[in-house]
Amino acid sequence: MNIMLRNPLQVRLEKLEPWQQITFMACLCERMYPNFAMFCSNTEYAEARIYRDILDSVWEMLTVKSAKVNFEKQLEKLEDLIPSSDQFDFYGVYPAIDACVGLSTLLHGLLDRDDLFESMQKVSQQSVATVAQLEEAQSGEPITDDNQKDNQAVSMEWDVQWAIFRPLREAVERDIDLIKELRQELREESVSNIGIQA
């Protein structure tokens, strides 16, 4: 990932509680999942279901008090899933890799809670970079901090991240209904950050 774009959102994320930070990352991974699913169905590379199950284990940990999840094991499963861009000769491999890296960053954050804020910034940045890289590939024009507002797709990605952030920020305590609502909404929409339909 070589594109680093800045947005005021990144500073605000720091103020979130750990459960809010994890939910925010899970939402972004939910939005990247269709990119991986489409790649799998086009290449028969792997079962997209494995990614889905790993992400579901994060949602379960957020919404079920008694849930016990071995995130080290989930991370091992995910690492076996990450495709290599050397193996595939079409663009879809890059958003698929980004989706895996996003989920991997979330799992690393869960394993080392001290890095949670940093992980959240990385997942936010990863999701925006996926969009910006596709826009660059299509237009041949580099996207920078200065011109990112002129790009509709990149602006839309930041808008969606703000839309996920706002209700989380307003929650006074761990709000399981809100977490479920966010997940449900993203699943029903089932459109990825680059417009892929699951």
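Analyst: Start with V154. Leaving aside its neighbours within four places in sequence, V154 is in contact with L5, V128, V131, A132, I143 and Q148. This is a predicted model. V154 sits in helix α7, which covers residues 152-170. Is V154 buried or exposed? Its relative accessibility is 0%. The cut-off for buried is under 20%, so V154 counts as buried.

Now step from V154 to P95. The two are 59 residues apart in sequence. In space, their C-alpha atoms are 15 Å apart. P95 belongs to helix α5 and takes part in its contact with α2. That contact is the next stop.

Helix α2 spans residues 18-43, and helix α5 spans residues 93-111. Their axes lie 8 Å apart and pack at an angle of about 150°. Angles over 145 degrees count as roughly antiparallel, and therefore α2 and α5 are roughly antiparallel to each other. The crossing of α2 past α5 is left-handed.

Which residues meet there? From α2 come I22, M25, A26, C29, M32, N35, F36 and F39. From α5 come V93, P95, A96, D98, A99, C100, G102, L103, L106 and L110. Sorted by class, this contact has 15 nonpolar residues, two polar and one charged.

Helix α5 also meets helix α3, residues 48-63. Here the axes come within 11 Å and cross at roughly 35°. This crossing is left-handed too. On the α3 side are Y51, I54, L55, V58 and M61. On the α5 side are A99, C100, L103, L106, L107 and L110. By class, the contact of α3 with α5 has 11 nonpolar residues, with no polar and no charged ones.

Not counting residues up to four places away in sequence, G109 touches L116 and S119. Its C-alpha atom is separated by 19 Å from that of I164, which is 55 residues away along the chain.

Next, go back to F39, one of the α2 residues that meet α5. The structure holds eight aromatic pairs. In one of them, the rings of F39 and F90 have centres 5.9 Å apart and planes at 15°, so the pair is stacked. The cut-off for stacked is under 30 degrees. F39 lies in helix α2, while F90 lies in the loop between α4 (71-81) and α5. The two are 51 residues apart, and the pair links distant parts of the chain.

How does accessibility compare across this pair? F39 is buried, at 0% relative accessibility. F90, with a relative accessible area of 30%, is partly exposed. Together with Y45 and F88, F39 and F90 form one aromatic cluster.

Finish with S127, in helix α6, residues 116-139. With a relative accessible area of 0%, S127 is buried. Setting aside residues up to four places away in sequence, S127 touches R31, M32, E157, Q161 and N193.

Notes: Residues numbered from 1 in each chain as written. Predicted model: local features only at pLDDT ≥ 70, side-chain atom pairs only at ≥ 80, totals over all residues. Heavy atoms only, no water. Axes fitted to C-alpha atoms, helices over the stretch in contact; angles between N-to-C directions. Helix = DSSP H or I, 4+ residues; strand = E, 2+ residues; numbered from the N terminus. Parallel < 35°, antiparallel > 145°, perpendicular 65-115°, else oblique. Left-handed = near helix turned anticlockwise from the far one by under 90°. Contact = heavy atoms within 4.5 Å. Nonpolar A, V, L, I, M, F, W, Y, C, P; charged D, E, K, R; others polar. Phe/Tyr/Trp six-rings, centres within 6.5 Å; stacked < 30°, edge-to-face > 60°. Buried < 20%, exposed > 50% of the residue type's maximum accessible area, 1.4 Å probe, protein only.
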